[in-house]
Each structure stands twice: as structure tokens, then as C-alpha cells.
Amino acid sequence: MSNYVKIFDTTLRDGEQSPGATMTSAEKLEVARSLAKLGVDVIEAGFPAASPDDLEAVRRIAEEVGNPSRGDSELKVPTIAGLARATKGDIDKAWEAVKGARNPRIHLFLATSEIHMKYKLNMDREQVLERVSQMVKYASAKCGDIEFSPEDAGRSDPEFLYVVLEEAIKSGATTLNIPDTVGYTTPEEFGAMIAGIMKNVKGVENVTISVHTHDDLGLATANALAGIQAGARQAEVTINGIGGRAGNTSLEEVVMALRTRNSVYQLETGIDATQISRISKLVSNYTGMVVQPNKAIVGANAFAHEAGIHQDGMLKHNQTYEIMRPEDVGVNQSRLVLGKHSGRHALRARLAEMGHMLDEAELDKAFARFKELADRKKVITDLDLEAIIADEFYRPRDVFALDGLQVACGTMGLPTATIRLRGPDGKIHTHACIGTGPVDATYKAIDSIVKTPATLLEFNIHAITEGIDALGEVTVRVQSKAGSQTMDAQKEVAYSRVYGGHGADSDIIVASAKAYLAALNKLIVAQMESDKSPHSDLGVMLVG
Ligand code: KIV
Ligand code: ZN
């Protein structure tokens with residue numbers, strides 16, 4: 001058996017389906033490029049039948065990231081997968097979306113647990129078996145790489161599962177993915193389930209067995225590793241473990257467990273672990289989903305040693321308390337890189353080392369931001385540079401852009417914010433508001449201009465680096481307040497979704513304004529895209 005474990009990333013599908021993790025098409029493309037750079041084997045780019053926007057986003061990723069002749073030829077070429085229910089309509093859409101990739105894959109699923117078959121599908125065992133056979137054949141007539149998932153396998157009868165999997169192999173499936181859809185199993189059970197499949201399913205030696213686990217009981221990584229030990233050679237994971245409810249198995253945990261405990265697993269992946277920290281931040285910024293500080297591998301405290309006894313040990317020998325080095329996953333917290341007198345050249349070189357290849361115009365913008373920050377802050381670290389790059393280039397399309405902000409606050413008067421925004425018509429709009437504090441006043445002033453009723457669900461602020469002169473980073477999550485009673489289904493999805501935004505600046509009120517605008521811009525773009533009516537253009541949004 002091979003000692004290579006394929007990494008199948010589903011951040012853009014299972015991850016993006018979680019509340020608030022919505023990304024724009026441009027953001028999805030950027031994440032897909034970063035996943036290719038990270039070295040994943042398969043990118044599940046979306047669920048094309050969900051909406052025309054989803055299909056289009058998967059199609060672009062297939063053509064630009066999954067096809068080296070059209071995209072960036074320096075990147076590893078991952079397989080691009082599209083998810084489909086076991087219906088001809090879904091399979092047709094998935095194929096339409098992925099066929100432009102060099103290595104396309106259709107991933108179809110149908111539930112096999114009694115509870116799903118009875119209450120969700122209203123089908124009996126024979127009907128499920130028949131549908132699997134027909135739809136896997138239908139899909140494999142179009143595409144040579146077919147993955148089949150028996151949904152809720154974790155709670156399915158193993159004997160029935162073997163029969164279904166055998167049928168899927170006979171019908172043309174090349175990967176069999178075993179999902180613990182509701183995060184119910186324990187590592188012992190899940191490992192035994194994979195071992196049972198390896199032993200009892202005829203033809204299993206000709207296909208790849210995959211594990212797909214969820215974290216409802218905090219066991220996702222343990223379950224995935226147990227499945228891998230029992231013979232699975234593909235792991236389905238997401239960056240930062242994002243996903244519905246408690247999330248999916250996190251890529252960084254599986255990859256670093258296999259690598260750090262190589263003596264136990266003796267397995268390898270194709271992942272360049274030094275990219276992990278960068279992509280973790282990218283996904284967190286785009287989704288507005290903050291990574292908990294104590295999250296394994298990518299949390300802000302994952303490599304922080306504050307207890308005196310630990311620090312003493314670390315100074316004597318870093319392996320006393322550290323099983324991985326921060327630089328192994330691309331964390332360079334303490335590296336002092338550039339200062340006020342560093343030039344364009346040095347900035348370009350450092351950004352290139354960090355994986356950001358900028359063209360001249362982009363470098364001009366980054367250099368201007370760098371100089372502005374260097375005037376206020378003595379030492380600029382990699383983390384500051386990452387924040388500048390994220391703020392400058394990974395922002396959603398600007399419908400409204402911040403043009404100026406002035407705030408008065410403190411104990412001597414009413415907190416007041418005056419905001420100047422450049423609108424989609426190119427005109428400048430100015431408004432002033434009072435609020436309970438400077439952020440409240442700023443957000444009210446933005447609302448008065450943007451006029452897209454939204455609820456602020458979450459506001460997070462933290463300093464990127466240490467020290468009083470640190471850059472502040474703000475992430476927010478907002479949801480539209482617009483009613484949805486008379487809307488069609490697609491429009492309702494766009495209106496009810498939660499959108500995240502990110503902003504960084506040495507002035508935390510400016511960072512807050514940027515984050516709020518980024519989230520509102522996403523919400524406006526999604527609403528515009530879903531709104532087919534001719535009067536829903538941007539001009540109308542600006543009335544008043
Ligand atoms: O959790 C699950 O069952 C899934 C399938 C579609 C693979 O995400
Ligand atoms: Zn899942």
C-alpha cells in the first residue's frame with residue numbers, strides 16, 4: 001500500500017457552506033490559487049448545482065487553477081472536483097463546471113443510513129442501491145475520475161455499506177469517500193469501519209478510500225487519523241477546520257500530525273507546510289471567521305510560551321516545550337524585516353520570499369502603504385506585511401471605498417464620526433453621525449450613505465504585532481436586514497447569508513471602517529448578482 005496520503009481540500013465547498021463563510025468569486029479564486037501553492041492534491045471548488053454563481057466560480061477555478069495552459073504555470077496542478085447529488089441534473093452541472101480542468105473529478109453522494117434514507121430520501125435500500133449504480137455509471141460516462149460518498153456512512157449499517165460501495169466500484173467509481181457526516185463516531189469505531197471496508201469490499205484494492213469527518217464531538221482529526229491508519233489514503237479537510245456546525249477536519253492538524261509524528265504514521269503528503277500560516281490568515285480574512293487563539297497549529301497562541309517555567313526551558317533548549325517550529329508552518333513572528341529606510345527593492349524581495357509576486361502597479365501600492373506604516377512604526381514584520389497585502393489586494397470589489405474619516409471621541413463630548421466614501425458612481429459622499437462610541441458613530445455614518453440595511457453580528461479586533469504602535473486588525477460579520485418573503489430561492493440565499501469583512505490599519509477606527517465596508521460591499525455585490533430585476537442596479541442604491 002502506498003505511503004502517500006492525498007489531501008482533498010473542501011474549504012470552498014463544505015467550508016464555504018457554513019454560516020458566514022461566504023466568499024466572493026474573486027476570493028474563491030484566490031483561495032484556490034493558494035491551495036494549489038500549498039500543494040493540495042484535490043480542490044473541491046464548490047457545488048455547481050447550488051446556483052449559477054456557484055457553477056461559474058467552479059468553472060473559473062477549473063480553467064484558471066486546474067489548467068496550467070491557461071493559468072499560472074508555476075503552480076502544482078490539482079484535480080478540481082465539483083459536488084453533485086445523485087441526480088442527472090446535478091451531475092450535468094458538475095461536469096459542465098469542472099470539465100475545463102486538466103484533471104476533473106465529479107463527486108457524487110447519496111445517503112445510506114436508515115434515518116437519512118427513511119426521512120430525508122424517502123427511499124428503501126434497493127432504491128438507494130439502484131440509484132448509486134445508475135448515477136455512478138452516468139457520471140463515469142462523462143468523467144474518468146469519479147468519487148462516491150455514502151452520506152452519513154458513520155451511522156450506516158456496515159453490511160449495507162459494503163454492498164453499496166461494491167456497486168459503486170463496479171459502476172466506475174475511482175475514489176470511495178467515507179463521511180462521518182454528523183461527527184458521531186469515535187476514533188475506534190471509525191478506524192474499525194475503514195478496516196471493515198478494506199477487508200470486505202470487493203475491488204477495494206483498485207480504488208482510493210477517503211475519510212471525511214466532522215468535529216461535532218471534537219473528534220474530527222482523531223477520526224481522520226484513525227481512518228488513515230486503517231488504510232484510507234485520502235483525507236478531506238478544510239483550512240482552519242471551517243465547516244457547518246462545529247466544522248470539518250482541519251487540514252493543518254492532519255498534515256502536521258502526519259509529519260510531526262512520522263515515526264507513528266510513516267506516511268507523507270504533498271503539502272508545503274510553510275504555506276499554512278499564510279493561507280489560514282487568507283481564509284480567516286475572507287470569511288470573517290476568526291481563528292480561536294488556542295487553535296492547534298494556526299492559533300495566535302499556538303507557539304506562544306508565556307509561563308515562566310516554559311520560557312526558561314525554551315531558552316535552554318527549544319525542544320523542551322516545542323514539538324514543531326513556528327517556521328515549519330510559516331510563522332515568522334519575531335523576524336524583524338524592514339524599517340523606514342528600506343527601499344522598494346527590499347520590499348519586493350521580502351514579499352516574493354513570502355510568496356507574494358506583485359506586478360509594478362501592485363508594488364507601487366504596497367510600497368506606499370509600507371512607507372506610510374514605517375513613518376508610524378519603527379519595525380515592520382512579516383505579519384505587518386501580510387496585513388497590508390490582505391488589506392490592499394484581497395479586499396472584495398469596492399462598491400463603496402473609504403476616502404476619509406475623522407473621529408472625535410473621549411469623555412468631553414459626544415462621539416462623532418465624519419465619513420467620506422467614494423460611491424460606485426465615482427462621486428464622493430460625506431456624512432457625519434454621533435454614536436455611543438467612535439466605532440458606532442462611524443458605522444452609523446457609513447450606513448447613512450450606503451443605505452443597505454444590515455445587522456452587525458460580530459466585531460473582533462486584535463493587534464497584529466506586539467507594541468503600542470502595532471497594526472490593528474478588525475474582522476466583522478454582517479447580515480442583511482432586508483425581508484425575504486416575496487423572494488425566489490436564489491435571491492433569498494444571497495439576502496440571508498452572513499458576510500465577513502476584514503480591515504487593517506494602525507488606526508483602529510480606520511481598520512473598523514474598512515472591515516465594515518468590506519463586508520457591506522460583499523453583501524451588496526451578492527444581492528446585485530442575485531437580483532435579476534432591471535431596477536436593482538447601483539444607481540438606485542444611491543438614491544438620497
Ligand atoms: O459530510 C458529508 O457527508 C459531506 C458529503 C457531501 C461528502 O460533506
Ligand atoms: Zn461534510
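Predicted model: local features only at pLDDT ≥ 70, side-chain atom pairs only at ≥ 80, totals over all residues.

Guide: Residues are numbered from 1 along each chain as its sequence is written, chains are lettered from A and ligands numbered from 1 in the order in which they are written, and side-chain values use heavy atoms, with hydrogens and water left out.

Visitor: Which residues are around ligand 1?

Guide: A residue is near a molecule if one of its heavy atoms lies within 4 Å of it. Around ligand 1 these are Arg 13, Asp 14, His 107, Phe 109, Ser 149, Glu 151, Asn 177, Pro 179, Thr 181, His 212 and His 214. By class, the shell has 2 nonpolar, 6 polar and 3 charged residues; Ala, Val, Leu, Ile, Met, Phe, Trp, Tyr, Cys and Pro count as nonpolar, Asp, Glu, Lys and Arg as charged, and the others, Gly among them, as polar.

Visitor: Which helix and strands each supply at least two residues of the shell?

Guide: Helices (H or I, at least four residues) and strands (E, at least two) are DSSP runs, numbered from the N terminus. Helix H1 (11–15) and strands S4 (104–111), S5 (146–151) and S6 (175–180) each supply at least two shell residues.

Visitor: Which polar side-chain atom lies 2.6 Å from an oxygen atom of ligand 1?

Guide: One belonging to Thr 181. For Arg 13 the corresponding distance is 2.9 Å, and for His 214 it is 3.0 Å. The protein covers 95% of the 260 Å² of accessible area that ligand 1 has on its own, by the Shrake-Rupley method with a 1.4 Å probe.

Visitor: Is Ser 149 buried or exposed?

Guide: Buried means under 20% relative accessible area, exposed over 50%, and partly exposed in between (1.4 Å probe, protein chains only). Ser 149, in strand S5, has a relative accessible area of 3%, so it is buried. Its side chain makes a polar contact with that of His 107 at 2.6 Å; such a contact is a pair of N or O atoms within 3.5 Å where, within protein, one must be able to donate a hydrogen and the other to accept it, and residues adjacent in sequence count only if both atoms are side-chain atoms.

Visitor: And Ala 141, buried or exposed?

Guide: Ala 141 has a relative accessible area of 68%, so it is exposed. Ala 141 lies in the loop between helix H6 (125–140) and S5.

Visitor: What should the 13 residues of helix H17 span?

Guide: The expected span is 1.5 Å times one less than the number of residues. For H17 (residues 438–450) that gives 18 Å, and the end C-alpha atoms are 18 Å apart, which agrees. Lys 451 follows H17, with a positive phi near 55°.
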